[in-house]
Amino acid sequence: MRAVPDRQRIAETFSRNGWFARCPAQLREALVAHAQVTAVEAGRWIYDTGDAAHGLYGVLSGSVTTHVALDNGESVPISISGPGTVFGYAAQVLGGKRVTTAIARERAETIFIPQHALAAIVRDMPELWLHFAELATEQLVWAARAYAERMRLSPRAQIASRLHGYSFPWGGGGPATLPIRQDELAELTGFSRKTVNLILRDFAKRGLVKTGYRSISVLDPAGLHAIAMENRV
């Protein structure tokens, strides 16, 4: 990994991440200072299930797909991490082993902050560990929420929830063009491509989204969020 030539770009990109934005200024500055950036080609594995967990990752540009391996050997994509996303830290509290596989979805720039650097950051300010505990909890809660949505939400609500969530890394929560294909969205949600296509057509008629070549534009994030909340319990 190489030194970061443009720390301002890292800070600006990660400012759209809720956890990073809530951290105190001294922690944000330290994280940026210790960040190691690597250019990763499409299809390259960043880490594999079972690898030792020794730090946290983030996406500076491009995107990364996270997969879970099933007992039958099938690898199932569960999320796409876009610019500003912090990922891979929850494994620090899950026995120190990676429970997912992360693969560059396209050519990307990833950030890695090793555990020894995180420890150095809080050596003289132990209260900052609470923020890393919050990060691990946030990532575990996301996984639990994704599972709950699969169990309780309608297909249209699940797709609306996914699209609304992805508007943050690519648009700061506002309108955004997501570099996500319809077949990828189908894989992520577990629905057939036909089901996803029909739902996206309905959303397009309502002015919520616009589909394009290898992309989905979110035009009305608030409208998608309202649909995602329709049958929550």
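Author: Once its neighbours within four places in sequence are set aside, T101 is in contact with W45, Y47, D48, T49, T65, T66 and H67, where contact means heavy atoms within 4.5 Å. This is a predicted model, in which local features need pLDDT of at least 70 and side-chain atom pairs count only at pLDDT 80 or more, whereas totals for chains, interfaces and linings use all residues. Residues are numbered from 1 along each chain as its sequence is written, and side-chain values use heavy atoms, with hydrogens and water left out.

T101 belongs to strand β7, residues 101–104 (helices, H or I of at least four residues, and strands, E of at least two, are DSSP runs numbered from the N terminus). With a relative accessibility of 7%, T101 counts as buried (buried is under 20% relative accessible area, exposed over 50% and partly exposed in between, with a 1.4 Å probe and protein chains only). Its side chain also makes a polar contact of 2.8 Å with the side chain of D48; such a contact is a pair of N or O atoms within 3.5 Å, and within protein one must be able to donate a hydrogen and the other to accept it, while residues adjacent in sequence count only if both atoms are side-chain atoms.

Turning to the sheet, four strands form an open sheet in the order β1-β8-β3-β6, with antiparallel pairing (strands pair if DSSP finds at least two bridges between them). Strands β1 (36–40) and β6 (86–87) stand at the edges with a single partner strand each, so one side of each has no neighbour in the sheet. Strand β3 (residues 55–61) is joined by six bridges to the antiparallel strand β8 (residues 108–114), and V59 stands opposite T110 in β8. Helix α1 (residues 7–14) packs on this sheet and touches β1, β3, β6 and β8, its direction making about 95° with that of β3 (axes are lines fitted to C-alpha atoms, for helices over the stretch in contact, and angles run from 0 to 180 degrees between N-to-C directions). Helix α4 (residues 115–122) packs on the sheet as well, touching β3 and β8, with its direction at about 55° to that of β8.

As for the rings, the whole structure has nine aromatic pairs (rings of Phe, Tyr and Trp, the last by its six-membered ring, pair if their centres lie within 6.5 Å, and planes under 30 degrees apart count as stacked, over 60 as edge-to-face and the rest as tilted). Y57 and F87 are stacked, because their ring centres lie 5.7 Å apart and their planes are at 20°. This pair links Y57 in strand β3 with F87 in strand β6, 30 residues apart, and both residues are buried.

In one of them the side chains of E138 and R22 meet at 2.7 Å, N to O, linking helix α5 (residues 129–152), which holds E138, to helix α2 (residues 18–22), which holds R22, across 116 residues. E138 is partly exposed at 32% relative accessible area, and R22 is likewise partly exposed, at 46%.

Notes: A salt bridge is a side-chain nitrogen of Lys or Arg within 4 Å of a carboxyl oxygen of Asp or Glu.
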